[in-house]
Amino acid sequence: MSDPTATWTALISRYYDGCSAGDVDLMLQTLHPEVVHWFLAPNTGSAPVEGAEHLARYWRKVARMLQARWVVDSICATPEQAVIEWTMWWLPEGATERVATRGAEWFTGQDGLIREIRSYYQLRPETTELDGFPYADRGYSLPGAERSTIHPDAEQHGPGGTA
């Protein structure tokens, strides 16, 4: 792994593209068979999800239910792990406009695949983000532009996408 940031960015972006499209096969290409995804309580469904097949089917269900699209906005990586900031664009029940849930995740790897994900966010039916943070200036995803500088093709996957 000569450039861990590039390697992790490609892997996590592909994983998120699979999540957004509800594409189980694409997600399975990125996940270690024994992957564990940990969630911050008290979010709904905060129990850990274990196993690649289980996690991929979980995200397929969530993506359909929420009309969700995930975007990698920022990343720091070493060969063994990566920490990202991300945005999930979604449509709350009864809403007419998509909202942004911004969060962070810590990934560890094994055999070139995602082995563990620790997710930090609060899911609320309104946009949650850092007050006053210069998202546009830093190349993060924005309303009407559900893509970022480092994940420019995110809009191709999920609601209204081509993949």
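**Entry 1: getting started.** I am working with a predicted model, and I count residues from 1 along the chain.

**Entry 2: aromatic pairs.** How many aromatic pairs does a search of the whole structure find? I get eleven. I picked Tyr15 and Phe107 to look at closely: their ring centres are 6.4 Å apart and their planes meet at 80°, so I note this pair as edge-to-face. The cut-off I need here is that planes over 60 degrees apart count as edge-to-face.

Where do these two residues sit? I find Tyr15 in helix 1 (residues 4-21) and Phe107 in strand 5 (residues 99-110), so the pair ties together parts that are 92 residues apart in sequence.

**Entry 3: a tilted pair.** Next I turned to Phe39 and Trp59. Their ring centres lie 5.9 Å apart with the planes at 55°, so I call this pair tilted. Phe39 belongs to strand 1 (residues 31-39) and Trp59 to helix 3 (residues 52-66), so here the parts tied together are 20 residues apart in sequence.

Are Phe39 and Trp59 buried or exposed? Phe39 has 11% relative accessibility, so I count Phe39 as buried. Trp59 is buried too, with a relative accessible area of 7%. The limit I use for buried is under 20%.

**Entry 4: a cluster, and a charge over a ring.** Back at Tyr15, I see that the residue is part of an aromatic cluster with Trp8, Tyr16 and Phe107. Elsewhere in my list, I looked up which residue lies over the face of Tyr135. I found Arg102 there, at 3.8 Å from the ring centre.

**Entry 5: Ser20.** I then went to Ser20, which is in helix 1. With 5% relative accessibility, Ser20 counts as buried. What does Ser20 touch, once I leave out residues up to four places away in sequence? I wrote down Ala63, Ala68, Arg69, Trp70, His157, Gly158 and Pro159.

**Entry 6: out to the surface.** My last stop was a nonpolar patch on the surface, formed by Leu40, Trp106 and Tyr120. Together these residues have about 260 Å² of accessible area. I followed up on Trp106 and found this residue in strand 5, the strand that also holds Phe107.

Note on methods: Predicted model: local features only at pLDDT ≥ 70, side-chain atom pairs only at ≥ 80, totals over all residues. Heavy atoms only, no water. Phe/Tyr/Trp six-rings, centres within 6.5 Å; stacked < 30°, edge-to-face > 60°. Helix = DSSP H or I, 4+ residues; strand = E, 2+ residues; numbered from the N terminus. Buried < 20%, exposed > 50% of the residue type's maximum accessible area, 1.4 Å probe, protein only. Lys NZ or Arg CZ within 6 Å of the ring centre and 35° of its normal. Contact = heavy atoms within 4.5 Å. Patch = residues over 30% accessible without salt bridge, like charges linked within 9 Å, V, L, I, M, F, W, Y side chains within 5 Å. Areas by Shrake-Rupley, 256 points an atom, 1.4 Å probe, with all protein chains shown as cover. Salt bridge = Lys/Arg side-chain N within 4 Å of Asp/Glu carboxyl O.
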